[in-house]
Amino acid sequence: MKLEVRERDEIGSRRARRLRADGLIPGVLYGKDHARAIVVPERDLRSVMTGPSGLHAILDVVIEGQATVHPSILAEYQQDPIRGTISHIDLREVRLDQPIQATVTVQLIGDPVGVKSGGMLSLVVRELHVEALPADVPEHIEVDVTALEVGDVLRLEDVPAIEKVTILDDPHETVIATVSVPRGFAELEEADAAEAAEAEEGAAEAASDQPDEAGESSESEE
């Protein structure tokens, strides 16, 4: 996706606020041996960020007045904590023939068997770290949780490999999702189990006292 940007000379928070008020987002384009301060129209930026490849789109960045194309990715962005709008971006030039590392979100798909029987699905890890060629970095990673039952733990090692993508997180230590008994039900079950145990203990004590009473009765008859 093509993204035209403009170099900016003035920096500082006051100037940045003015740019945002004019519908321009300040940022930095990082290359191998340089870093350029830039601005990009907010509308154009929103268009590429919501495109088919999402935040992992390869951007053909062109600086206004120049013909050179800088293949880049969105390395980082900052959002206004109240409005949620983008306030700053970092673009990083990449070589399309060299792998890069990126952070990709996890999306759970399917309705777990355990949820249908009263369990609760929890997403534990929301992002995974991957390495791939820029064009092969997925927008997100889908994980099927349909077969999970109550008490099951889905680890990264249980997720099928993704072609041309290397996941960098520990496959055994990384827990993707779990299906557990809701806390209220778990406490209720523990209380019921405790009551049952007390009842069994009382019955056992009563049973152990009966032979003694019989023995005392026979002795008194003698």
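Which element gives the most to the lining of the largest cavity? This report on a predicted model answers that question after an outline of the fold.

## Overall composition

The secondary structure of the protein comprises 4 helices and 13 strands. The protein has 222 residues, and 30% of them are buried. Among contacts with a separation of 6 or more, 64% are between residues 24 or more positions apart.

## The barrel

A barrel is closed by 6 strands, arranged in the order β1-β3-β2-β6-β5-β4, and their pairing is mixed. From one strand to the next, the twist averages 45°. One of the pairings is that of strand β1 (residues 2-7) with strand β3 (residues 35-41); these two run antiparallel and are joined by 2 bridges. Within β3, V39 stands opposite R6.

Helix α1 packs on this sheet, where it touches β2, β3 and β6. The direction of α1 makes about 120° with that of β2. Helix α2, formed by residues 42-49, lies across β1, β2, β3, β4 (59-63), β5 and β6. Relative to β3, helix α2 runs at about 95°.

## The open sheet

The model also contains an open sheet of 3 strands, with the order β8-β13-β11 and antiparallel pairing. Strands β8 (120-123) and β11 (153-155) stand at its edges, and each has a single partner strand, so one side of each is left without a neighbour in the sheet. The twist in this sheet averages 15° from one strand to the next.

Strand β13 (residues 175-180) pairs with β8 over 4 bridges in the antiparallel sense. In this pairing, L121 has V179 of β13 as its bridge partner. Strand β13 also pairs with β11, again in the antiparallel sense, over 3 bridges. Here T178 of β13 stands opposite V153.

How many of the 6 residues of β13 are buried? The number is 5, so β13 is largely enclosed by the rest of the structure. A residue counts as buried when its relative accessible area is under 20%.

## The cavity

The structure holds 1 cavity of 30 Å³ or more. The space in the largest cavity is about 40 Å³. Its lining consists of L45, V48, M49, G54, L55, A57, L59 and L74. The opening question can now be answered: α2 gives the most to this lining, with 3 residues.

How do the residues of this lining divide into nonpolar, polar and charged? There are 7 nonpolar residues and 1 polar residue, while no charged residue is present.

## The largest pocket

The largest pocket contains about 380 Å³ of space. The elements that give two or more residues to its lining are β5 (69-79) and β7 (100-109). The largest share comes from β7, which supplies 6 residues.

In total, 20 residues line the largest pocket, and those nearest its centre are L55, H56, L74, Y77 and T103. By class, the lining of the largest pocket has 9 nonpolar residues, 7 polar residues and 4 charged residues.

## The second largest pocket

About 200 Å³ of space lies in the second largest pocket. The residues that line it are R17, R20, A21, G23, L24, I25, E42, D80, R83, T85, I86 and S87. Two or more residues of this lining come from each of α1 (13-21), β2 (24-30) and β6 (86-93). Of these elements, α1 gives the largest share, with 3 residues.

Which classes of residue make up the lining of the second largest pocket? It has 4 nonpolar, 3 polar and 5 charged residues.

Terms used:
Residues numbered from 1 in each chain as written. Predicted model: local features only at pLDDT ≥ 70, side-chain atom pairs only at ≥ 80, totals over all residues. Heavy atoms only, no water. 1 Å grid on protein atoms, 1.4 Å probe; cavity = no way out; pocket = protein on both sides within 12 Å on 5 of 7 lines; lining within 4 Å. Points joined across faces, edges and corners; volume = space filled by probe spheres on them. Nonpolar A, V, L, I, M, F, W, Y, C, P; charged D, E, K, R; others polar. Pairing = 2+ DSSP bridges. Axes fitted to C-alpha atoms, helices over the stretch in contact; angles between N-to-C directions. Contact = heavy atoms within 4.5 Å. Buried < 20%, exposed > 50% of the residue type's maximum accessible area, 1.4 Å probe, protein only.
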